[in-house]
Amino acid sequence: MARSKATLHTWLACPGLLGCFLLGFVAGWFTKTTEKTPNSSDVYQNVRQKLVAEMKAENIKQFLRSFTKLPHLAGTEQNLLLAKQIQGQWKEFGLDSAELVHYDVLLSYPNETQPNYVSVIDDQGNEIFNTSLFEPPPQGYENVTDILPPYNAFSAQGVPEADLVYVNYGRTEDFFKLEREMGINCTGKIVIARYGKIFRGNKVKNAILAGAQGIILYSDPADYCAPGVDAYPDGWNLPGGGAQRGNVLNLNGAGDPLTPGYPAKEYAFRYKVHEGVGIPKIPVHPIGYHDAEVLLRAMGGPAAPDSSWKGSLNVSYNIGPGFADNSSTRKARMHIHTNNKITRIYNVIGILRGAVEPDRYIILGGHRDSWVFGGIDPTTGAAVLQEVVRSFGKMKMEGWRPKRTIIFASWDAEEFGLLGSTEWAEENARVLQERAVAYINTDSSIEGNYTLRVDCTPLLYKLVYNLTKEILSPDEGYENKSLYESWLEKDPATENNSYPRINKLGSGSDFEAYFQRLGIASGRVRYTKNRKADKFSNYPVYHTVYETFELVEKFYDPTFKKQLTIAQLRGKLVYELADSQVIPFDCRDYGEALKGYSNRIYKLAKKHEEQLKSYKVSFDPLFSAVVNFSKAAAEFHRRLEQVDKKDPVAVRIINDQLMFIERAFIDPLGLPGRKFYRHVIFAPSSHNKYAGESFPGIYDAMFDIESKADQHEAWEEVKRQISIAAFTVQAAAGTLKEVA
C-alpha cells in the first residue's frame, strides 16, 4: 500500500508528464481512426484477383501427373491411398479440416479366374471365335498391375446362347423401328448395340424391355474416331482393341443399390443383392471395334433401314436375327462372371469455415475414382479441384476467410452410380436442405478443347456470363479476348444467339443428388468438342486404358491453359457464391426459362390437338403460374436493389429467399416411378440419363401416348402432371413475395 501511495505522489508531482501522456494517447487514438483502411469492396476485389492469380497451369499438370500414375478404381487400395494423399495435401494447404468419410456400398468387379468374353459357336457348341480378354496396354504402361479388363459393372452373370440382332444405338426409337416397322422380335435374342447418343444403362434397360437375354456393347469408329486422326498413341482416336468400361445400372438417383434413400453406414438395413435397385437381370459386355467387326460381318437378315443405322466399319450392318449363309447355324454366346460385392469407399471432405455466415454452405465436389488411370475422366477435374483448394488455402493462410463456409469434396465410386456423392447427400440431407446455397461440380475439366460448355440452373446464368467476361480466353486466335467472347462466337444459344448456349442439367455426374433430389442450385463447367462439326461421341478413348496423362499432355491440352481456365471459372464461381454480400442468383432468368419450357411442352402437346380438345386438357394454369412467377421475380429484384445492405437481418432475409428458390421446385413425392428425382422443372431424361428434360412429369406422360391402350387414363395423367407443375411454379412464386 505504501508503494502505491508513493507512485501516486510521483504522478501528482509531475502534472506535465501526465498531461503529455494523455495528449499522446488522444492524438494516437484519433490518428488511428482516420488512417485509410481498405474498404470491404477493395479487399473483395483484391482477394478475387489474388485467388485467380495464385492458380498455375504447371501445378495442375503436376497434380494430373501424380494422380494418374496408377489405376485407382473405387474400392481398391490404390484409391484409398490417393484419398489419403489428397486429404494430407488439403490439410497442408490450410483448410480448417479434411476428413475421410466412408460408406459400405455395392460395387462390381470381373472374376479374376473366369474372364468375361463373347464367342461365336458352331452347331456342335464349339467356340470358333472369341473376343479379346484385355486391351493392349499403352506404351510405358506394360508393367503396370491392377488394370482390370473392360467390363460393364453390375452386369448379371450368365452364359446365354442365341441369335444376334443388331439394334443400332439401342435407343427407344431404335427398338420401336425394329419391332413396329420391321417386325423383328428381340425376345430371347442377344442384341449388339453401338455405344453413343445415350447412357449405356438406358440401352440395357431397353434391351431388357424388348425381351433380350443378353446385350453386347461396342464402340463404332463412326462414333469414337475423328476423321484424319490416328489411333492412340500416335493420335487421340480409339484403337480397335479399346473397349469402353462403365456401369449399366438404372438407379434413377437411388445411390447405393442396397440402401436406396439412406446412407450406406454400418447401421443401415440392406436389401439382398438380387433385390438391389436398378441392377440388370441380363448379361452385358463391352468389346472393341475389331472384335465387333467379326460379329457384324457375319450378320444375316434385312439390311440396315437407313444410313443412320450404319457406322463406319467395313460391314453391311445387316440386322439379323442370326448369321448369314454358311454361318446360319452359328450363334453368339456370352460368358459373364462379374461379381457384385459390398465394399468400403472413401470421400474426402474438406472445410473452410465462413467468417460471417458459417451456417451457409457452398460445395465444390468432384470424383476421384477412375476405371483405369483416369487421364481425362475424372482426373482433369480432380487436378483442377486440388489447385482451387490450394489457392483458397493460401488466401486463408494470409488472413482471409469467406463470408460463407466452403465445403470441398473428393467423391469416391462415381463410376459405379454416383455412389460417394449420393451417400454423403443422404447422410447430410437435413442439414444441406437448410444450409446449402449452391453445389458446383468438378468432374473432368476437359472432354474436348474447342470451347466452353456450361450446364446449370437458370439462377446461375448471369453469374456465369459475368465471370466468363472477366477471364481471358485460352483459345488460339482469341488472344486478349474474353472467354465469353470465344464461347459466344463458337457456341451461341439456338433460341437467342446474342448469348452463349447453356444446357439443362441432366445427370451422369455427382451434382445429381444435390440438384435433382435436394433442390440445391447447381452448375458444371468444362471444355468440350465442337458440337456442330465433331460427330464422334464424347472423346474417343473414354473409359479405356488409353486415358493417360500423355493423352492430355500430347493432344488435348499441352499448355494446360484450358484446364487453368476451368480452374479459374470454377474457383470464381465458388468465391462469388461464398463471399458476395447478396447471393448472386437471378430469379428473373428462371422466369424466362420457365416461359420457354412451358411453350416447348405445349408445342409438343399441340401435335395431339384433337385429344387436347376431347379430353379437355388445358395448359392455361401452367402458363398463368409462369406469368405470376416472372412478376414475382421482377418485384423481388426491385426490392433487392433497395434493401439496406447495412442491415444484416434484411440481407439475410433476401439471401434466404434466394437460397430456397431452387428448393421450392422440389416435390417431396418425386416423379412417377422415379421418386428420387424430385425436381419438377428438371430431371434426367427417362430415355437418356445424360440429357436434361424440362417439365419431365408432363413430358413422360405424353411420351408415345398414341400407343397407350387406355387413352382416357393416359390423358388424365397428363392433366395431373400439368396441375402438379402449375402448383409448383405458383408456390415457388409465393416464396419470392415480401416477407410478412
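Predicted model: local features only at pLDDT ≥ 70, side-chain atom pairs only at ≥ 80, totals over all residues.
**Entry 1: Lys331 and Asp163**

Lys331 makes a salt bridge with Asp163, and the closest N and O atoms are 3.1 Å apart. I then checked where the partners sit. Lys331 belongs to strand E11, residues 331-335. Asp163 is in the loop between strand E5 (161-162) and strand E6 (164-166). The pair links distant parts of the chain, 168 residues apart. Is Lys331 buried, partly exposed or exposed? Its relative accessibility is 31%, so I logged Lys331 as partly exposed.

**Entry 2: Glu447 and Arg526**

Next I took the side chains of Glu447 and Arg526. They meet in a salt bridge, 3.5 Å from N to O. Glu447 is in the loop between strand E15 (436-441) and strand E16 (451-456). Arg526 is in strand E17, residues 521-528. This pair also links distant parts of the chain, 79 residues apart. I looked up accessibility for both partners. Glu447 has 15% relative accessibility and counts as buried, because the cut-off is under 20%. Arg526 is buried too, with a relative accessible area of 6%.

**Entry 3: Lys462 and Asp586**

I moved on to Lys462. Its salt bridge partner is Asp586, with the closest N and O atoms 3.4 Å apart. Lys462 lies in helix H13 (residues 461-470). Asp586 lies in the loop between helix H17 (561-579) and helix H18 (587-605). The pair therefore ties together parts that are 124 residues apart in sequence.

**Entry 4: total and network**

I ran the search over the whole structure. It finds 48 salt bridges. I also noted a network of salt bridges that links Lys50, Glu54, Glu387, Arg390, Lys394 and Glu398.

**Entry 5: the cavity**

How many cavities of 30 Å³ or more does the structure hold? I found one. The volume of the largest cavity is about 30 Å³. I listed its lining: Ile440, Val454, Cys456, Leu460, Val464, Gly523, Arg524, Val525 and Leu573. E16 and E17 are the elements that give two or more residues to this lining. E17 gives the most, with three residues. By residue class, the lining divides into seven nonpolar, one polar and one charged.

Technical notes: Residues numbered from 1 in each chain as written. Heavy atoms only, no water. Salt bridge = Lys/Arg side-chain N within 4 Å of Asp/Glu carboxyl O. Helix = DSSP H or I, 4+ residues; strand = E, 2+ residues; numbered from the N terminus. Buried < 20%, exposed > 50% of the residue type's maximum accessible area, 1.4 Å probe, protein only. 1 Å grid on protein atoms, 1.4 Å probe; cavity = no way out; pocket = protein on both sides within 12 Å on 5 of 7 lines; lining within 4 Å. Points joined across faces, edges and corners; volume = space filled by probe spheres on them. Nonpolar A, V, L, I, M, F, W, Y, C, P; charged D, E, K, R; others polar.
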